[in-house]
Amino acid sequence: MRLGDGAQVPVTVVALLDSPSSYASMILPADLLAAHTTSGLASQVLVRGGDASAIVSALSDRAKDWPGVTVGDDSALAASFQASADVEALINYLLAVLAIAYAAIAAVNTLAVAVLARRREFGAQRLAGADRGQIRRMLFVEGGIVAVTGLVLGIVISLFTVVPMALTTGEIIPSGPIWVFLGVVLAIFLIVWPATALSARLAMRRNAIEAVKMPGQ
């Protein structure tokens, strides 16, 4: 096995364990692994005993001579793991926000260009008797169809990554906070409809005759 510092050591597999984590993990002897870390020491030491409060008190007195060493019971260990999980979740959410922001900018630019390029079409419709409200409602319907289509395609594409990750945890149906999905759905419509409304207003600022004479569709 190649360890983190590049050293290769022979190991023997003695047991296979079911890990509750979503990631594969292994247990190595502390004296083998610690020597190949930056500090050369074990980052955590688990102590088994009877009275947890008495053990914590005794170890706290001994740990005073070691700056940076903290002593706690099983709840402190659980809190440490939860804090690490919260940091990882925050990083994932930030990456998702960045991806959504990039997609939102691209979507707004695409919608604006597509609507503004149809100024002649809108002018012809107004000359045929349609008013601005009817054209605007038509664009809202088109925007809703685009949003729903993009949402469905996004769900289908995401299943190719979400389902395999769910299978690694022993689940068939992916699980997670429903508010994330609802937030994405809300964000899609908050991006599509306002961008469509603003672009439609800009596209119909000129009168119908001037719009028909302009280059475009």
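Tutor: Let us begin with burial: a residue is buried when its relative accessible area is under 20%, exposed when over 50%, and partly exposed in between, using a 1.4 Å probe and protein chains only. This is a predicted model, in which local features need pLDDT of at least 70 and side-chain atom pairs count only at pLDDT 80 or more, while totals for chains, interfaces and linings use all residues. Residues are numbered from 1 along each chain as its sequence is written, and side-chain values use heavy atoms, with hydrogens and water left out.

Student: Is Arg-118 buried or exposed?

Tutor: With a relative accessible area of 15%, Arg-118 is buried.

Student: What are the partners of Arg-118 in salt bridges?

Tutor: In general, side chains of opposite charge can pair when their charged atoms come close. A salt bridge here is a side-chain nitrogen of Lys or Arg within 4 Å of a carboxyl oxygen of Asp or Glu. Arg-118 meets Glu-121 in such a bridge (2.9 Å, N to O), and Arg-118 also meets Glu-142 (2.9 Å, N to O). Glu-142 lies in helix 5 and Arg-118 in the loop between helix 3 and helix 4, so this pair ties together parts that are 24 residues apart in sequence. Glu-121 is partly exposed at 26% relative accessible area, and Glu-142 is partly exposed at 28%.

Student: How many salt bridges does the structure hold?

Tutor: The structure holds three. Through shared partners, salt bridges link Arg-118, Glu-121 and Glu-142 into one network.

Student: How should I read a helix, and which residues of helix 4 are buried?

Tutor: Helices are DSSP runs (H or I, at least four residues), numbered from the N terminus, and strands are runs of E of at least two. An α-helix has 3.6 residues a turn, so residues three or four places apart point the same way. Helix 4 spans residues 119–127, and its buried residues are Phe-122, Gly-123 and Arg-126. These residues cover an arc of only 100 degrees around the axis, which puts them on the same side of helix 4; the arc is that of the directions from the helix axis to the C-beta atoms. They pack against helix 3, helix 5, helix 6 and helix 7, where contact means heavy atoms within 4.5 Å.

Student: What is the nearest side chain of opposite charge to Arg-126?

Tutor: For charge, Lys and Arg count as positive and Asp and Glu as negative; His and the chain ends are not counted. Arg-126 is buried yet has no salt bridge, and the nearest side chain of opposite charge, Glu-210, is 8.5 Å away. Among the residues that Arg-126 touches are Arg-132, Ile-135 and Met-204.

Student: Where does helix 5 bend?

Tutor: A bend at a residue is the angle between axes fitted to the seven residues ending there and the seven starting there. Helix 5 bends by about 40 degrees at Leu-159. Helix 5 has 37 residues and reaches 54 Å from its first C-alpha to its last, close to the 54 Å expected at 1.5 Å a residue; the expected span is 1.5 Å times one less than the number of residues. Its buried residues include Ile-135, Leu-139 and Gly-143, and what covers the buried residues includes helix 3, helix 4 and helix 6.
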